[in-house]
Amino acid sequence: MATVSQWIEGARPRTWPAAVAPVAAGTGAAIWQLRGLDFLDTGTLLGVVLPRALLALAVALSLQIGVNYANDYSDGIRGTDDERVGPFRLTSSRAAAPATVKRAAIGSLAAGALFGVTLIAVAGIWWALAVGSAAVAAAWFYTGGKKPYGYLGLGELFVFVFFGLVAVNGTAYAITLRFGWVALLASIAIGLLAVAIMLTNNLRDIPTDTIAGKRTLAVRLGDRGTRWLFTATMLVPFVLMVPVMVAQWPVLLVLLALPLAIMPARTVLGGAMGRDLIPVLGATGKLELVFSVLLLAGLVI
């Protein structure tokens, strides 16, 4: 039976910034937009912004943990993780029965759906049920089902769309009931950083994924192409923030996160492989989290 610490490790905490970051960025964009419309006061901040942001965070974290457990289960039963060199996995290590990991995945996704329906009801945006349903389905079918799209090289696209575009714009819209250009640019930036996290894993797993027949984007691009794409996804987000800095100069704070991109980019471009890429995963997650928090601060000031 897996221990509590093993279940936590199996939930892959290093990837959680990919859930926290879009909510932080979307909340910052919403506050900036409400201030520009003269709709922001203490009552709105505490009665609308804070509870809706917390619900959005609960949705994002639940889906992130759910997709991690689903990936653990699906890759484990397929044998994809049998020779992996990355972090601990519950199913392939035999620490937990596959059925138990599957239930954990379904439970996490169900919790995300419940939080999502609550947010939709509070905001009165019932049309978003379709978007939420697509997010839950995408989380499961990344490596689940008969034809998982993660095995076809589409995992990064899923992450970009749902942990970037949908999560950031969805958070901002649930708060303001309006779409905005700041949220759009922020969603692209956060989506790219989330893609960088996935690329770190898939770059490390190119040898074993190739043997297992898992045709990830990294496998398709090859080692060199994946390393250059990773570097681009780490640096382009800073370029995307230039128009936001012009409109709101305190967003210059985001540049304080730039040094955090240097180490992982240099490590990846330097040809690191296998276990040497594990620290890059944590560093990339840290960059995304710090970037989003600094963006939130810059938009709120």
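## About the model

Residues are numbered from 1 along each chain as its sequence is written, and side-chain values use heavy atoms, with hydrogens and water left out. This is a predicted model, in which local features need pLDDT of at least 70 and side-chain atom pairs count only at pLDDT 80 or more, while totals for chains, interfaces and linings use all residues.

Helices here are DSSP runs (H or I, at least four residues), numbered from the N terminus.

## Salt bridges

Let us stay with Arg227 for a moment. Its side chain meets that of Asp223 in a salt bridge, at 2.6 Å from N to O; a salt bridge is a side-chain nitrogen of Lys or Arg within 4 Å of a carboxyl oxygen of Asp or Glu. Both residues lie in helix α9, 4 residues apart, or about one turn of the helix. An α-helix has 3.6 residues a turn, so residues three or four places apart point the same way.

The structure holds 3 salt bridges. Another of them joins the side chains of Lys214 and Asp75, at 3.0 Å from N to O. Lys214 sits in the loop between α8 (206–212) and α9, and Asp75 in helix α3, so this pair ties together parts that are 139 residues apart in sequence. Lys214 is buried at a relative accessible area of 4%, and Asp75 is buried too, at 2%. Arg204 and Asp205 also meet through their side chains in a salt bridge, at 3.1 Å from N to O. Arg204 counts as buried at 3% relative accessibility, and Asp205 is buried with a relative accessible area of 7%. As a general point, side chains of opposite charge can pair when their charged atoms come close.

## Helix α11 and its two sides

Helix α11 takes in residues 258–269. At 1.5 Å a residue, its 12 residues should span 16 Å, and its end C-alpha atoms are 17 Å apart, which agrees; the expected span is 1.5 Å times one less than the number of residues. Which residues of α11 are buried? They are Ala261, Pro264, Ala265 and Val268. These residues cover an arc of only 105° around the axis, which puts them on the same side of α11; the arc is that of the directions from the helix axis to the C-beta atoms.

On the other side of α11, Pro259 and Arg266 are exposed. The buried residues pack against α7 (181–204), α9 (217–240) and α12 (278–300), with contact meaning heavy atoms within 4.5 Å. Just after α11 comes Gly271, which takes a positive phi of about 95°.

## Helix α5

Helix α5 covers residues 128–141. Its 14 residues reach 20 Å from the first C-alpha to the last, close to the 20 Å expected at 1.5 Å a residue. Ala128, Ala135, Ala138, Ala139 and Trp140 are the buried residues of α5, and what covers them includes α3, α4 and α6.

## Loops worth a look

Arg12 has a positive phi of about 60° although it is not a glycine. This residue belongs to the loop between α1 (4–10) and α2 (17–36), and it counts as buried at 11% relative accessibility. Leu177 is another residue other than glycine with a positive phi, near 60°. Its place is the loop between α6 (155–176) and α7, where Leu177 is partly exposed with a relative accessible area of 41%.

Ala97 is found in the loop between α3 and α4 (98–123) and counts as partly exposed at 41% relative accessibility. Ala97 and Ala2 are 95 residues apart in sequence, and their C-alpha atoms are 8.9 Å apart in space.

## A nonpolar surface patch

Leu45, Leu46, Leu50 and Leu54 make a nonpolar surface patch of about 370 Å². Patches are made of residues with over 30% relative accessible area and no salt bridge, with like charges joined within 9 Å and nonpolar side chains (Val, Leu, Ile, Met, Phe, Trp, Tyr) within 5 Å. Accessible areas come from the Shrake-Rupley method with a 1.4 Å probe, and for residues only the protein chains shown count as cover. Leu54 is placed in helix α3 (residues 42–78).

Definitions and conventions:
Buried < 20%, exposed > 50% of the residue type's maximum accessible area, 1.4 Å probe, protein only.
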